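Reader: I have the sequence and the model open side by side. Could you walk me through some of the details, one question at a time?

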Amino acid sequence: MSDAEQNKQSDFMIEKIKERPVNKKKLLRRTITTAAMAVIFGLIACLTFLILEPLFSNWLYPEEEPQAVVFPEESNEVSPEDMLVEEEVSSLQEAVESVILEDEQIQKILENIQLDKEHYMQMYHALLSYTAELSSSMVTVTGVASDVDWLNDTYESTGQTYGVIVASNGKEYLILTDRNTVMQAERITVTFGIDTKVEASLKQMDSQTGLAVVSVSLAQVPEEIKDGITIASLGSSNTRNLVGMPVVAMGCPMGIVGSVEYGIVAAAGSPLSKVDANYKLLTTDIYGSPGSVGVLFNMQGQIVGIITPNRLSSDMKNAVTAIGISELRKLIENMTNGKEPVYLGVSGMDVTEKANQETGVPFGAYVKEVAMDSPAMLAGIQRGDVIVAIEQEEINNFSSYTAALMKLEAGETATVVVQRPVQDSYKEMEMEITLGTTE
């Protein structure tokens with residue numbers, strides 16, 4: 001068979017392979033499906049990580065809870081400074097009694113005493129050094145809020161006030177400050193020293209006293225700043241030698257942040273009646289701003305009063321006044337722990353020995369006024385009632401009434417026992433009252 005015939009016979013066995021045409025729509029659909037599934041699985045993985053990571057972190061590395069702040073109780077013992085003053089007064093009296101000088105002798109002694117400007121400068125240098133020590137516990141608190149002007153343009157308004165570091169719970173510095181500056185602030189900053197600014201958050205505030213506590217994370221404060229920080233200690237405003245005590249006013253006594261003034265406590269004991277608490281008002285001989293706020297320190301570096309806007313008559317409107325720290329101690333402690341101030345809504349006073357003996361008024365917290373729509377009014381407490389017990393705790397005066405409230409929680413239902421005048425006697429009544437808050 002010739003080659004031509006063989007080739008002709010084998011032509012039918014030759015195949016030609018062609019590539020299948022690409023289905024672009026199907027390929028695009030598969031690509032989109034794969035990408036979508038990758039996104040979905042990625043989101044699920046992210047959500048799972050976000051949810052489980054804190055749980056595993058807390059399990060492996062449990063975070064310590066902030067320590068509760070507890071201020072030491074005031075002691076009724078005579079303080080060392082009071083003992084020192086008494087000893088000096090006693091020694092001076094003995095010296096005066098043992099030595100009786102003639103006028104000519106006194107004049108001769110005075111002529112030998114030569115005082116010049118150096119002595120004056122030494123005295124003020126000593127005060128300057130002391131205020132520098134106190135400044136280590138003072139900060140500047142700034143509140144920033146957005147507002148709208150009359151052209152409907154948005155702008156930021158900034159307010160500044162004092163702050164005093166009163167505690168640390170192991171995670172935060174707790175700073176006592178003025179409520180008006182921070183209550184509407186969208187952002188709060190605290191300035192340590194000259195220019196170290198740290199973000200802060202509002203811990204708690206009280207409308208009755210105008211005080212607030214803000215917190216700053218310890219982790220945000222540079223170590224070199226921490227080394228220079230001192231936590232202020234709370235003193236006492238119930239000492240026997242309070243009147244005449246030298247004090248330093250710091251914060252904003254002149255209405256200017258960072259201002260400092262020196263003076264003495266000129267008067268103490270003026271009552272400042274507020275809802276659910278009565279405070280002791282300290283009046284100084286310091287000339288300041290009627291709207292001054294800040295802190296009064298004694299010569300031992302202790303806070304003895306919180307400066308409050310002047311509450312005296314118009315002829316003394318520039319005298320710096322302060323609320324005694326003894327009556328504020330428990331309130332400040334509660335606020336540093338984030339506890340809401342409890343509100344019952346009663347203004348009152350103590351029942352005196354004379355009133356008890358002559359008219360038979362039982363000892364307790366005498367109700368002078370009941371705030372409108374307060375828990376006390378809604379429960380039926382009236383003017384003239386005497387509160388004698390709260391949650392089985394005996395109430396002997398208005399101070400013990402305030403102390404009993406401080407132990408309770410806002411929103412809690414408490415049993416309050418009152419004695420109500422009925423004809424010529426008093427009738428005991430028991431009420432269940434749901435406590436509110438001042439804010």
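Reader: Happy to start with the hairpin. Which residue in the turn between S11 and S12 has a positive phi?
Author: Do keep in mind that this is a predicted model. S11 and S12 form a hairpin, with 4 residues between the two strands. In that turn, the residue with a positive phi, about 75°, is Gly 301.

Reader: Thanks! Which residue of S12 is the bridge partner of Val 295?
Author: S11 joins strand S12 (residues 302-308) through 4 bridges, and the two run antiparallel. Within S12, the bridge partner of Val 295 is Ile 306.

Reader: And in S11, which residue is the bridge partner of Ala 249?
Author: Here we turn to strand S8 (residues 246-252), which pairs with S11 in the antiparallel sense over 5 bridges. The S11 partner of Ala 249 is Leu 296.

Reader: How many residues of strand S11 are buried?
Author: Buried means under 20% relative accessible area. Strand S11 covers residues 293-297 and is largely enclosed by the rest of the structure, because the number of its residues that are buried is 5 of the 5.

Reader: By class, how many residues in the lining of the largest cavity are charged?
Author: Strand S10 (277-287), helix H8 (325-336), strand S14 (342-343) and helix H11 (398-406) each give at least two residues to this lining. Sorted by class, the lining has 10 nonpolar and 4 polar residues, and the number of charged ones is 4.

Reader: Now for the rings. What is the angle between the planes of Tyr 120 and Tyr 124?
Author: The whole structure has 4 aromatic pairs. Tyr 120 and Tyr 124 make a tilted one, 5.0 Å centre to centre, with an angle between the planes of 45°.

Reader: Is Tyr 120 buried or exposed?
Author: Tyr 120 sits with Tyr 124 in helix H5 (residues 117-134), 4 residues apart. Tyr 124 has a relative accessible area of 38%, so Tyr 124 is partly exposed. Tyr 120 has 53% relative accessibility, and because exposed means over 50%, Tyr 120 counts as exposed.

Terms used
Residues are numbered from 1 along each chain as its sequence is written. This is a predicted model: local features need pLDDT of at least 70, side-chain atom pairs count only at pLDDT 80 or more; totals for chains, interfaces and linings use all residues. Side-chain values use heavy atoms; hydrogens and water are left out. Buried means under 20% relative accessible area, exposed over 50%, partly exposed in between (1.4 Å probe, protein chains only). Two strands pair if DSSP finds at least two bridges between them. Ala, Val, Leu, Ile, Met, Phe, Trp, Tyr, Cys and Pro count as nonpolar, Asp, Glu, Lys and Arg as charged, and the others, Gly among them, as polar. Rings of Phe, Tyr and Trp (its six-membered ring) pair if their centres lie within 6.5 Å; planes under 30 degrees apart count as stacked, over 60 as edge-to-face and the rest as tilted.
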